[in-house]
Amino acid sequence: MAIQGVIFDLDGVITDTAHLHFLAWKALGDSLGVEITLELNEGLKGLGRQETLTLILKEAGLYDQYTETERQALADRKNRTYVASLENLTPQDLLPGIGDCLKDLKKRGIKIGLASSSQNAGLIIKKLGLESYFEAMVDPRSLSKGKPDPEIYLKAAAALGLSPAKCVGVEDARAGIEAIRAAGMTAIALGLSLEHVPADYHFLSAKDLVNFNWDDIVSKE
């Protein structure tokens, strides 16, 4: 039986706002006297806002200097900076190939979902002009655990009305691929080598998905 749903991560798969996250975290770090390097930023990919803040503060030995309320305020400040930067986002910011990929999936009648840890995912999808493609978007605030836990992918499949075995997940980070596999889905990795991530399929970018025959993927049921 062919797969019936494809669930996408957002950053690095559909668009790339990683640099905007980096600038927002760097601005917060500068205000706290904490250096946010590009190397540190690489380790933050795929993490939620609170998880990222916790990692940054612990790395700097500052975590216990802030109360939970103060840490929430810091996370909110970073998010305001980030959201302001999203105002200039347009459909031109789609990663190459992803638009054609989504059109092909919709033409085939394959359901499309979103599994992003970003609480701004809905706004980003709207700015990119993709609202009509996604039948389900998981609210990360409803999750008890972040990636690599499979919860977000299990919820996305349920929202599409499909069993996980009938779904494919598309990610560009190891934690995301691990979440997909733990959910019992077929995993597609973008820009990740086989040595680093044991996905079912590996492609350099979303451009390689444009001519991909989705019917070749057999349901894991």
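1. Phenylalanine 203 is buried, at 17% relative accessible area (buried is under 20%, exposed over 50%, partly exposed in between, with a 1.4 Å probe and protein chains only). This is a predicted model: local features need pLDDT of at least 70, side-chain atom pairs count only at pLDDT 80 or more, and totals for chains, interfaces and linings use all residues. Residues are numbered from 1 along each chain as its sequence is written, and side-chain values use heavy atoms, leaving out hydrogens and water.

2. The structure holds three aromatic pairs (ring centres of Phe, Tyr or Trp, its six-membered ring, within 6.5 Å; planes under 30 degrees apart are stacked, over 60 edge-to-face, the rest tilted). Tyrosine 201 and phenylalanine 212 make an edge-to-face pair, with 5.5 Å between centres and 75° between planes. Tyrosine 201 is partly exposed at 26% relative accessibility. Phenylalanine 212 is buried at 10%.

3. Phenylalanine 203 also pairs with phenylalanine 212: the centres are 5.4 Å apart and the planes stand at 70°, so this pair is edge-to-face. Tyr201, Phe203, Phe212 and Trp214 form one aromatic cluster.

4. Which residues does tryptophan 214 touch? Among them are Ile3, Val6, Cys101, Leu105, Val168 and Ile188, not counting residues up to four places away in sequence (contact means heavy atoms within 4.5 Å).

5. Trp214 is also among the residues with the most contacts inside the largest nonpolar core, which has 35 residues (buried Ala, Val, Leu, Ile, Met, Phe, Trp, Tyr and Cys joined through side-chain atoms within 4.5 Å). Val6, Phe8 and Phe134 are others on that list.
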